[in-house]
Amino acid sequence: MPYAGILCAQERSSMGFEEYEPKSTLVVPEHKLTKAKFPFIDIHNHQNGLGSGDLRGILKDMDALNMKVMINLSGGNGAGLKRQTDNVKANAPKRFIIFANISFGGIGEPGWTEKAVKQLEEDVRNGANGLKIFKSLGLSVKDNTGKRVAVDDPRLDAIWDKAGALKIPVLIHAADPKPFWDPVDKDNERWLEIVTHPGRKRGPDNPVPWETIIEEEHRMFKKHPGTKFINAHFGWYANDLGKLGKLMDEIPHMYVEFGAVIAELGRQPKAARQFFEKYQDRILFGKDSWEPEEYTTYFRVLETADEYFPYHKKYHAFWRMYGMNLPDDILKKVYYKNALKLIPAIDKSLFE
Ligand SMILES: [Zn+2]
């Protein structure tokens with residue numbers, strides 16, 4: 001048996017980054033929340049089963065979390081969207097809100113813009129209460145000549161203006177986390193995500209630099225002050241709240257939601273709390289992937305003063321979380337009051 005100071009071969013052997021998962025020895029108060037303190041609206045969810053069935057299964061999961069209303073951003077358009085809004089109306093009219101999506105196929109052909117605007121009008125008549133733009137715009141959408149369509153392409157202007165006129169918000173996800181564009185090396189905080197999901201790797205010519213897409217998005221926002229935009233994933237600036245604050249000041253009709261970026265807030269609870277205090281009227285609760293057991297991390301970062309607790313995906317965060325301990329009045333705004341203002345179709349009586 002090796003004596004103190006000398007390690008046996010097994011103890012010395014190095015292990016991979018993925019294997020190293022030391023159990024924390026820290027003993028501090030813990031509040032593992034499985035249910036939000038106040039009823040809440042999840043502004044960023046994706047469901048493909050809302051078009052049929054009685055929805056009882058999903059409602060049970062929502063009730064356990066205290067989620068009163070789920071916004072399904074994957075509404076599609078036309079007949080597919082109507083199937084969803086009809087089925088929701090028949091089975092759980094108050095619990096789901098459906099956002100429409102644009103079909104970008106054929107952009108550049110004569111009449112494309114007019115057709116897309118008409119489709120959006122029809123979808124809203126059929127019960128859509130918002131428009132969601134996927135990251136494909138700016139990354140992979142091409143026009144009829146094979147050219148990448150920029151987020152601020154003028155052929156889309158009439159769509160953003162129509163959303164403003166219809167008084168529906170536009171939730172948009174542009175680009176992806178900046179490290180996907182950076183060298184895949186020891187300095188990259190998303191190294192594990194890129195090596196386990198190689199398809200997420202980007203580069204300055206794949207398709208363009210990160211900054212190009214982000215700047216297109218901001219220019220587009222500024223060009224359409226009559227439309228309310230929800231910048232998904234904190235606009236990929238959750239790791240630079242100073243920069244995001246500047247954008248919030250420059251673009252007063254821009255809102256943000258923190259789907260998939262709660263780990264950025266949980267590693268800077270003091271700066272994050274200051275941001276929430278300052279912009280408390282324009283932050284919305286979003287989660288993105290529907291994994292009910294992962295909501296606990298969100299509740300805990302928002303509500304508690306817990307320290308050094310785990311996050312649920314090492315490839316998003318190999319660091320641990322700290323709670324922001326937000327006061328009740330800010331929690332209520334983030335959980336439901338801000339969303340109620342943006343989406344008047346939600347039944348307010350659910351939140352009394
Ligand atoms: Zn999403």
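Here are legends for a few close-up views of this predicted model.

Residues are numbered from 1 along each chain as its sequence is written. Because the model is predicted, local features need pLDDT of at least 70 and side-chain atom pairs count only at pLDDT 80 or more, while totals for chains, interfaces and linings use all residues.

**View 1. The whole protein, to get our bearings.** The chain folds into 13 helices and eight strands, where helices (H or I, at least four residues) and strands (E, at least two) are DSSP runs, numbered from the N terminus. Its radius of gyration is 22 Å, close to the 20 Å that the globule rule gives for 352 residues, so the protein is as compact as a globular protein of that length. That radius is taken over C-alpha atoms, and the globule rule is 2.2 Å times the number of residues to the power 0.38. Along the principal axes, the C-alpha trace spans about 80 × 50 × 40 Å.

**View 2. Helices α4 and α6 side by side.** Helix α4 (residues 112-125) packs on helix α6 (residues 157-165) at an angle of about 20°, and their axes are 9 Å apart. Axes are lines fitted to C-alpha atoms, for helices over the stretch in contact, and angles run from 0 to 180 degrees between N-to-C directions. The two helices are therefore roughly parallel to each other (angles under 35 degrees count as such). On the α4 side, look for Thr113, Ala116, Val117, Leu120 and Glu121; Ala158, Ile159 and Lys162 meet them from α6. Residues are in contact here if their C-beta atoms, placed from the backbone, lie within 7 Å.

View 3. Asn206 and Pro207 are joined by a cis peptide bond, with omega about -5°. You will find Pro207 in the loop between α7 (191-196) and α8 (210-223).

**View 4. Two loop residues with positive phi.** Most residues other than glycine have a negative phi. Asn66, in the loop between α2 (56-65) and β2 (67-72), has a positive phi near 75°. Asp288 also has a positive phi, near 85°, and sits in the loop between β8 (283-284) and α12 (295-303). What about their surroundings? Asn66 is partly exposed, with 17 other C-beta atoms within 10 Å, whereas Asp288 counts as buried, with 20 C-beta neighbours inside 10 Å. A residue is buried if 20 or more other C-beta atoms lie within 10 Å of its own, exposed if 12 or fewer, and partly exposed in between, with C-beta atoms placed from the backbone.

Terms used:
Parallel < 35°, antiparallel > 145°, perpendicular 65-115°, else oblique. Contact = placed C-beta atoms within 7 Å.
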